[in-house]
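Subject: A structure for you to explore

Hi there,

Here is the structure I promised to pass on. Have a look around it first, and then read my notes below.

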Amino acid sequence: MSLTRFDEANDIVILENPAPIVTSTWSTNDNNLDTNFTSSIQSASIVSSTGSMQFYIDAYNAVSTSTAAQVQYSLAYGHRHGSGSPDFTNDTGSFGFSATKVNYNQYRQLVFQDETQYFTFGTHTPDSIYVINVNRANYKQRLSAGTLDLHISGANIDQPAASLLKLTDDSVSRGATANNPNYVGTNLGGYYNVVSGSVGIMSGSTINQKGGSSSYGHFYPHAGLIILNGDMFKAEPDSLRTADPAPASTLNTITSSLPLNNPGLSENRDNNHIKMYQCISSSNHFIIDTEEDVNSQFYFVRAKNSEFNYTNNPSFTSGSSKGTILFSSMRMNPKTFITTVGLYNDQNDLLAVAKLSQPIAKDFTKEALIRVKLDF
C-alpha cells in the first residue's frame, strides 16, 4: 500500500473561526412553533402528587397519538418552599415536600451546583421560577442567541389582560458576536437576560424592567434552558381573566385564570406550569433557532504522474507467481482509476475515507489534484 505524507504548509488548510450554521430548532423545521399539543396520557397523571404532570408538561408539535408527534419543549414550575403542588404525603414533617420544590432544587443544583443558592434576576430574588426546557434532540451545539422570540398571551400584569408580552434575550443589546458572545456569568456556559423586546434587542434602556430591579429571566443557550422569574407573572386579584384558550377536557379541573401564581387552590393544586403553557400556546408564537460551529479542514491530495499507477487488487497479479502482473498492457502502460482517498495517521491507522463522485483515470501521463474537506 502506497502512502504519501502531506506537506502541512502547502497541502493542509484550516479555516479558523467559521461562522456558525443556524437552523430551526423545531422538528417540523418551521421557524415558528405556532401550534402546541399536550398528551392525554400525561394529563391523566395529574391526579397523583407524584405524577409526571405535577412536575412538568410536555409540548408536542402534533397530536401526541400521531406518528409525527415529538416533544418540542417541556415546561415546569418550581417553588423553593414547595408551594403550588400537593405534598407527596400527609405524614408529619412532610409539609412542603412536593413536585415544585423538587423542580426548584433540581434546577438550582444544575445551574449553580449549590443547594443553598437562590435564583436572582437583577437584584430581585423570587420564590418561584418557570423553566422552559427545549428538547435536547431538537438543537445542535446550542440555541442561537438573538433568535429568541417568545410571546406570552395576557401574562403581563403591567398591561391589560388582553395584552401580549413579547420576550427575547438581550444578546444583541449586549453587543454579542460569534467571536465574542459576551455572556453574563459562566453558569452552564453563560446566559443572557430575558427581556421584553424582539430579535435580541430589548425594549428600553435597562434589563431591570420590573420595578427597576428585576428582569424577566435568564436564557442559557448551551443548556437549552429559559428560566423565567416567577414574580414577573404574578398578577393582583383584579387581573383575573378566563382561560384563553379553554383547557382541554382532560384538564377540566384546571383554571387558567391569572394570576399564574395564585394564593392556593384546594390541596395546593395551583398547576401554574399548565397555566403558563396555555398562555404560551395561545399566543401561537415561539421562535428559537439552533446553531453549531462547523470547523473545516481541507486536504489537497496530489497524485503525481509517477504515483498511484498500479493497484493492490489481487486479481491483477498471478497467484502462483507472486507479484507477476497478469495483463501485459498493465506492465509498461498501467492504467488505474482513483475512487477513494484514505487519510491515515503516523501509525498507519485509517482515520477518514473520502469517496469520489466518479472515478478519475490515472497513468504515467496524468496527474490528479483532489480536495478533501473534513467538517467536524
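Let me start with helix H5, which covers residues 272-281. Because 10 of its 10 residues are buried, this helix is largely enclosed by the rest of the structure. Among the buried residues in H5 are His273, Lys275, Met276 and Tyr277. Please keep in mind that this is a predicted model.

Now for the wider view. The chain contains six helices and 18 strands. Of its 376 residues, 43% are buried. The chain exposes about 19300 Å², and carbon and sulfur atoms supply 50% of that area. If you take the contacts with a separation of 6 or more, 64% of them are between residues 24 or more positions apart.

Next, the salt bridges. There are eight of them in the count. One joins the side chains of Arg302 and Asp11, with 2.7 Å from N to O. Arg302 is in strand S15 (residues 296-303) and Asp11 is in helix H1 (residues 8-11), so this pair ties together parts that are 291 residues apart in sequence. Arg302 is partly exposed, at 38% relative accessible area, whereas Asp11 is buried, at 10%.

Another salt bridge pairs Lys140 with Glu292, at 3.8 Å from N to O. Lys140 lies in the loop between S5 and strand S6 (142-143), and Glu292 lies in strand S14 (residues 289-292), so parts 152 residues apart in sequence are tied together here. Lys140 has a relative accessible area of 34% and is partly exposed; Glu292 is partly exposed too, with 25%.

What does Arg80 form with Asp127? The two form a salt bridge, and their closest N and O atoms are 2.7 Å apart. The pair links distant parts of the chain, 47 residues apart: Arg80 is in the loop between strand S4 (71-79) and H4, and Asp127 is in the loop between H4 and strand S5 (128-134). The charged end of Arg80 also sits over the ring of Tyr118, 4.0 Å from the ring's centre.

The ring centres of Phe112 and Phe119 are 5.0 Å apart and their planes are at 55°, so the pair is tilted. Phe112 is buried, with 17% relative accessible area, and Phe119 is buried as well, at 1%. Tyr191 and Tyr220 make another tilted pair, because their planes are at 45°, with centres 5.3 Å apart. Both Tyr191 and Tyr220 are buried. Elsewhere, Tyr77, Tyr130, Tyr216 and Phe233 form one aromatic cluster.

While you are looking at Phe119, find Arg108 too. Arg108 is in helix H4 (residues 99-112) and counts as buried, at 10% relative accessibility. Arg108 and Phe119 are 11 residues apart in sequence, and their C-alpha atoms are 7.2 Å apart in space. Leaving out residues up to four places away in sequence, Arg108 touches several others, including Asp114, Glu115 and Tyr118.

Finally, turn to the surface. Leu3, Tyr344, Leu350 and Val353 form a nonpolar patch there, with about 340 Å² of accessible area together. Val353 belongs to strand S17 (residues 350-362).

Enjoy exploring, and write back with any questions!

Best wishes

Definitions and conventions: Residues numbered from 1 in each chain as written. Predicted model: local features only at pLDDT ≥ 70, side-chain atom pairs only at ≥ 80, totals over all residues. Heavy atoms only, no water. Patch = residues over 30% accessible without salt bridge, like charges linked within 9 Å, V, L, I, M, F, W, Y side chains within 5 Å. Areas by Shrake-Rupley, 256 points an atom, 1.4 Å probe, with all protein chains shown as cover. Salt bridge = Lys/Arg side-chain N within 4 Å of Asp/Glu carboxyl O. Helix = DSSP H or I, 4+ residues; strand = E, 2+ residues; numbered from the N terminus. Phe/Tyr/Trp six-rings, centres within 6.5 Å; stacked < 30°, edge-to-face > 60°. Buried < 20%, exposed > 50% of the residue type's maximum accessible area, 1.4 Å probe, protein only. Lys NZ or Arg CZ within 6 Å of the ring centre and 35° of its normal. Contact = heavy atoms within 4.5 Å.
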